[in-house]
Every structure is written in structure tokens, then in C-alpha cells.
Amino acid sequence: MNFQKVLSNKKLYFILSYFLLWIILFGFLIPANNFLPKPSIVLMSLSALWEDYHLAVNLISTFSTIYISVIIAYFLVYAIIKFIINENSFLFDFISSLSFFPKYIPDMVFGFFLIFWLPNSPITGFIFITVIVFYSLIVKVHLESKKVKHEYIDTARALGSNKSIIARKVVWKAIGPSLIKYLLDSHTYLWSILIAFEFIKGGRGLGTIFKTALMYRDLSAMFTVTLIIGIVIYFTGFLLKYLKNKFFHWSNC
Amino acid sequence: MTEKFPLLVVKDINKFFLGLAGSKIHVLENVNFQVEHQSSGEIISILAPFGAGKTTLLRIINGLEKSSSGQILLNGNTYNEPSGEIGFIPENPSSFPWYTVKQNLEFALSLKKKKIKNDNYSLKNIIDLLELTGYEDHFPLDKHSGFRFRIALGRALILKPAIVLIDDPFKKFDSETQHELYALIKKISFNLKTSFLLTTTNITEAIILSDSILIMRRDPGKIIQRIDIEKNADKENMETFTYYQNEIKSAFTSLGDSPLISIIN
């Protein structure tokens, strides 16, 4: 525990040092450069981001696309868990066969097709993230369900539980901590691919801000948005960790 | 009505597993015994060495596994699937860590097909009986393994089972906890008039706890002798204890040398 605390303090000192270094280097020593913006300009760019780049709307759009999609995918997987863990079901075979595609074709390529099929739809991003999270959760559930202690399943069966109850009240519960940890580990990846997706598709989202900022070579806007994304991911990660400790406190499987 | 038939009949149970290279491994051979209805509940131990097929036998009795041949009758009826009528506690007592004590028991209650009209089996009474009062909202992982065993026992009992099967339950506990749990099982058996069938590799445990001991050999597993312990036998008395201990030892010795030595303590 103490070791962890020391580590976390060390990390904090390093991060603060980077900021200090940035302020000294780019605020005083080399203020005019094309590498990183001057700290004072970053502060001033906030108002431009708010008014010209519509930061609030775009941030809410990206944020809600990711987390609403995650919630929808999570409950969709819950709804069909009985079939995911039943190796004799048609759905299981169907899903297993689909695993061929993401293994060899990057997720982003699927995004390109979605942009081609639904270029003007406001929900293309939702579909993109929901499908990716849904599919990856199915694979995760399938793998984790094999690690669930057989005593849990035997006990539930002995009490007269049917397959559906075992799937939802035993397996789903047992693998809960692993699933939340998986979402915690992968949500930064979701931010990356959604920003890239928005960058390519246009419309709303933080990806669009990057596209516009690049077009106008607005380094301070890019830097400020990056900082904001980092802060948002940090706090949502913190919230997910809190939820994991509060509602998924048991050890995995 | 149901007492016309024995509580449990295990008849000519055989079990084969498929070994390497397609060979058949005979795990259980013509296992036969029965458990009668008793006015105060009965505790029966299956005493056998490791690898004799005790767990497999309990799983077959419960309906978790199919036998290769033979028949199991509960109150004169056959069954194919577990239904909660036979309580089962596996070797590693498995209280669900995501539920509190109360929720663990409620989980079992939610599966109940018929309403149980007996106050002895109310949530409150079972919690009291298992000495879990005051811990209803605690999670199992916060507590020691003896506590988790009580939860698993409560969850099995709350469905008013005809018999409770317990697979080698006490070997992981320290001596003090073991004796606490022996007393608890005896108390429950007496108060709820519930019969228990448990497996063990420990002679002392079998004598202290049981009304009847089924001696099982291995390779393949088979019940070779039943030793009924006298109703009013004073098991604390060294002479009585040694008498039963010798009887058990001689049953094993009659099988020849053996792996069975591992259970003699």
C-alpha cells in the first residue's frame, strides 16, 4: 500500500516536472516555435475553442458517443450472455465465426465502411463504437466465463438454477470485475479510434476540432484540446475505478 | 406418504470415464446403499481414500453428473436434473462473493418452485440456526472460510432439502473450526431433522460426526462395508472411540495394504 502511494507520488512529481519544463522552455526560453505552444497562448485559446471550435458541443458529442455506446453494448451483451457461454448454440457459432474479421482487419477499416454507408447520419459514430465494444465484450465474456470457478456453477445447478439464471446471476456476476477492468483498460483506445473516425467523417466531435485546427495550423487549439481530453479520460477512468471498487469488489472469478 | 420409501436409494451405480487413448477407466463399481428416513435426521459419512470417486458419487447422487449405469431414487422417485431437493456443498464451499449473506440465501429462495410452509426454514430461522445473525449484510470475502461454509450450508438448507450432500468439507479448516462445524451440523440435523451425507478421508471426523459410516475402497470405488454407530454411543469415551476406529481400520486392512493407509490417522 505504502509502496503504491510512493509510486503514485513519484508519478505526480514527474508530471508536474513536465509541466514546469514546458512553462520554462516554451514560455521563456523558446517562446516562438512550431513544436509546442506558449503557455499563455494556450490559456487564451480556451475562449477561441469555446466560441469558434464549439468545444462544449463537440466534447459532449465525443464523450456521450463513447460512454453511451459502452453502456448499450454492455447491456446488449448481458441480454445474450446465455448464448455466448453456451457452446452448443447457433449464436455462439455465429459469433465465433465473426471473430475471424477483427483478428485480421483493423477496427478503423470497419469505420471507413460505415462512413461510406452512412456518410450523413449523426449516429454513425454510435454504431461504430457500439459494434466494436459489443464485439470485444462478447469475446472477453467468452474467455472469462471459462475461468469461472466450477463450484459456483455446480452450486447454482444443485439449487435448481436453469441455464439462464446461471448465465446472468452467476457467470455474469463472477466475471463482472474482469469486464469492468477490461473497459477501464480499453476506454482510452475507444477515444483514439472515435477521434480518428470523427476526423475522417467530419460532422461533430473532437476529431473535427483537430481537423479544423490542422487546417488552420492552430497549434495552441490542438494542444489545449489534447490537455482537455487527457483530463476527461483521467476523471472517467477514476470514476470507472470507483465503480469497480464499489460495485465489483470481489476478486475475479 | 413418502416415508413408504427409503429417503435415498443408490442402486448399482457404475461410472466409467474415458481415459487417454480411448481407454475406459472404471471409477465406481456397483455402488449400493440406502439412507432411511429418521425421526431426527441422520449423518452418514462415506469414508474413503483420495481418488476413490467420492466426489463423482456425490455429483451423481445430486444429478450434476450422469452415471454409466444404475439408479438413484429419492423418496422412491428417479430424477434427471438437480432441483434443490438434494442440497449440495462442493469441496470448496462456494458462497457467492458478489452477494451478502442474506442475498446468498435469497438467491436460493428465488429458485424455490413451491412455497415452503414451515417456519423452521424461514430466512430468519436459518440465519439464526447458522449463527449468522448480525452478519446478514456482510460479504463472504470479508470473513474466514468457516463463515463462508455456513453461508453455503444455509443456502442449501433454505430450500428444505430431503438430504444435504457435503463433499469433504472440513479438511481445510483448523481443528477449532472443524469442531465448531461438527457441532453445527449435528445441531442442524437434530433441529431440522435433516439428513446429511458427507465424504471424508478422516477416520476421527467420521466417528465423531456420523451415525453411520460407509467404507469405500478405490480402483474402482465401491462401498465395501457399512458401520452403524450405536445411537447412544459416547464417542468422547476413549474405549468406544477406539472400538470404532479399530473396526474401520480392520475393514481397510482386509483390502490388503494400500493407498488406504493415507486415511489412517
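This is a predicted model: local features need pLDDT of at least 70, side-chain atom pairs count only at pLDDT 80 or more; totals for chains, interfaces and linings use all residues.
In chain B, an open sheet is built from three strands in the order 2-1-4, and the pairing is antiparallel. Its edges are formed by strand 2 (24-35) and strand 4 (69-74) of chain B, each of which pairs on one side only. On average, neighbouring strands of this sheet are turned by 20° against each other, with direction ignored. Five bridges connect strand 1 (residues 8-18) of chain B with strand 4 of chain B in the antiparallel sense. Within this part of the sheet, Asn14(B) has Ser69(B) in strand 4 of chain B as its bridge partner.

Another open sheet of chain B has six strands, arranged in the order 5-6-7-3-8-9 with mixed pairing. Here strand 5 and strand 9 (222-228) of chain B are the edge strands, each pairing on one side only. Strand 8 (residues 212-217) and strand 9 of chain B run antiparallel and are joined by six bridges. Leu214(B) is placed opposite Arg226(B), a residue of strand 9 of chain B.

Helix 1 of chain B lies across strand 3 (43-47), strand 5, strand 6 (163-166), strand 7 (195-200) and strand 8 of chain B, and runs at about 150° to strand 5 of chain B. Helix 4 of chain B also packs on the sheet, where it touches strand 5, strand 6 and strand 7 of chain B. The direction of helix 4 makes about 165° with that of strand 5 of chain B.

The contact between the chains involves 28 residues from chain B and 18 residues from chain A. About 1900 Å² of area is buried between chain B and chain A, and carbon and sulfur atoms contribute 65% of this area. One salt bridge is counted between the two chains. It links Asp154(A) with Arg59(B), whose closest N and O atoms are 2.4 Å apart. Between chain B and chain A, five residue pairs are in polar contact, with both residues at pLDDT 80 or more. On the side of chain B that touches chain A, at least two residues each come from helix 1 (54-62), strand 5 (86-89), helix 2 (101-110) and helix 4 (145-157) of chain B. Helix 2 of chain B supplies the largest share of that side, three residues. By class, the side of chain B that touches chain A comprises 16 nonpolar, eight polar and four charged residues.

Methods. Residues are numbered from 1 along each chain as its sequence is written. Chains are lettered from A and ligands numbered from 1 in the order in which they are written. Side-chain values use heavy atoms; hydrogens and water are left out. Contact means heavy atoms within 4.5 Å. Buried area is the accessible area (1.4 Å probe) that two parts lose on being put together, summed over both. A salt bridge is a side-chain nitrogen of Lys or Arg within 4 Å of a carboxyl oxygen of Asp or Glu. A polar contact is a pair of N or O atoms within 3.5 Å; within protein, one must be able to donate a hydrogen and the other to accept it, and residues adjacent in sequence count only if both atoms are side-chain atoms. Helices (H or I, at least four residues) and strands (E, at least two) are DSSP runs, numbered from the N terminus. Ala, Val, Leu, Ile, Met, Phe, Trp, Tyr, Cys and Pro count as nonpolar, Asp, Glu, Lys and Arg as charged, and the others, Gly among them, as polar. Two strands pair if DSSP finds at least two bridges between them. Axes are lines fitted to C-alpha atoms, for helices over the stretch in contact, and angles run from 0 to 180 degrees between N-to-C directions.
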